[in-house]
Amino acid sequence: KYQGAMAIGSLEIQVATYGKTMIQNMPSLKKSSVIAEEQAEEKTKVDLIRTYWNKLGDEDVEVRKEDLVKGYPYGKQLVPFSAADQSMLKFECSSCLQILAFVPQGQIKRYW
């Protein structure tokens, strides 16, 4: 589904497109505790508490969430990828359907 401008050269026309099919997402499954429901009158949800650990020698050291950096494997190494690197890779453009050229119908091969 797209609603926005369609550009042909310098002419822009507002258009709306609709697809024949759409992706239907399943409803989310929220976790709940049976024990908590039995003890409390109102419904209670399960809170997820995630901790991160780094093994240094024989000791496990807890790592704060603020100290985590994304990393991607490159061969046998992990390459760190910070939020600053991620923001530099964002492509900024305007939302527009732009027609670059028209082609005669005979030049378009039908493969299906």
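Which residue in the turn of the β1 and β2 hairpin has a positive phi? Gly 9 does, with a phi of about 70°. The legends below concern a predicted model, in which local features need pLDDT of at least 70 and side-chain atom pairs count only at pLDDT 80 or more, while totals for chains, interfaces and linings use all residues. Residues are numbered from 1 along each chain as its sequence is written, and side-chain values use heavy atoms, with hydrogens and water left out.

**View 1. Confidence along the protein chain.** The average pLDDT (the predictor's confidence in each residue, from 0 to 100) is 83, and 88% of the residues score at least 70. Among the elements (helices, H or I, of at least four residues and strands, E, of at least two, taken as DSSP runs and numbered from the N terminus), helix α1, residues 34–39, has the lowest mean, 70. Strand β5, residues 70–74, has the highest, 91. Where pLDDT is low, the predicted coordinates should not be read in detail.

**View 2. The hairpin of β1 and β2.** Strand β1 (residues 2–8) and strand β2 (residues 11–17) run antiparallel and are joined by 7 bridges; two strands pair if DSSP finds at least two bridges between them. Ala 5 has Gln 14 in β2 as its bridge partner. Between the two strands lie 2 residues.

**View 3. An open sheet of 3 strands.** The order is β2-β1-β7, with mixed pairing. β2 and β7 (96–99) are the edge strands, each pairing on one side only. From one strand to the next the twist averages 30° (axes are lines fitted to C-alpha atoms, for helices over the stretch in contact, and angles run from 0 to 180 degrees between N-to-C directions). β1 and β7 are parallel, with 4 bridges, and Met 6 stands opposite Leu 97 in β7.

**View 4. A network of salt bridges linking Arg 64, Glu 66 and Asp 67.** A salt bridge is a side-chain nitrogen of Lys or Arg within 4 Å of a carboxyl oxygen of Asp or Glu. The whole structure has 2 salt bridges. Arg 64 forms one with Glu 66, where the closest N and O atoms are 3.7 Å apart, and one with Asp 67, where they are 3.3 Å apart. Arg 64 is exposed, at 53% relative accessible area (buried means under 20%, exposed over 50%, partly exposed in between, with a 1.4 Å probe and protein chains only). Glu 66 is exposed at 64%, and Asp 67 is partly exposed at 45%.
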